[in-house]
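Welcome! Please take a look at the sequence and the 3D structure below, and then we can walk through a few of the details together.

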Amino acid sequence: MANLKLDLRGLAPPEPIERILHWLDAAIAGETLLAHLPHTPYPLYDHLRMRPCHWDCAAHADGSAILTLHRD
């Protein structure tokens, strides 16, 4: 279950990625973010690989994506 759910679809780039990284940098181990994005956030993945976390991203038929991000 997510500790926080964000709908970031209406934001202009790079704000969705900035918000996700801000959340991740402030989160404590065990917290989870569920973020609804306008598309699959490929540019975000390099940033996530450098942080203590793991994630899953599911693309939807409308082009949007749901990112589930766990702070390790």
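Glu15 and Arg19 both sit in helix H1 (residues 15–26), four residues apart, about one turn of the helix. Helices (H or I, at least four residues) and strands (E, at least two) are DSSP runs, numbered from the N terminus. The model is predicted: local features need pLDDT of at least 70, side-chain atom pairs count only at pLDDT 80 or more, and totals for chains, interfaces and linings use all residues. Residues are numbered from 1 along each chain as its sequence is written, and side-chain values use heavy atoms, with hydrogens and water left out.

Glu15 and Arg19 form a salt bridge, with their closest N and O atoms 2.9 Å apart. A salt bridge is a side-chain nitrogen of Lys or Arg within 4 Å of a carboxyl oxygen of Asp or Glu.

## Other salt bridges

How many salt bridges does the structure hold? There are four. One of them joins Asp25 to Arg51, with 2.8 Å between the closest N and O atoms. This pair links distant parts of the chain, 26 residues apart: Asp25 is in helix H1, and Arg51 is in the loop between helix H2 (42–49) and E3.

## Around Ser64

Ser64 lies in the loop between strand E3 (53–59) and strand E4 (65–71). Its side chain makes a polar contact with the side chain of His36 (3.0 Å); a polar contact is a pair of N or O atoms within 3.5 Å, where, within protein, one must be able to donate a hydrogen and the other to accept it, and residues adjacent in sequence count only if both atoms are side-chain atoms.
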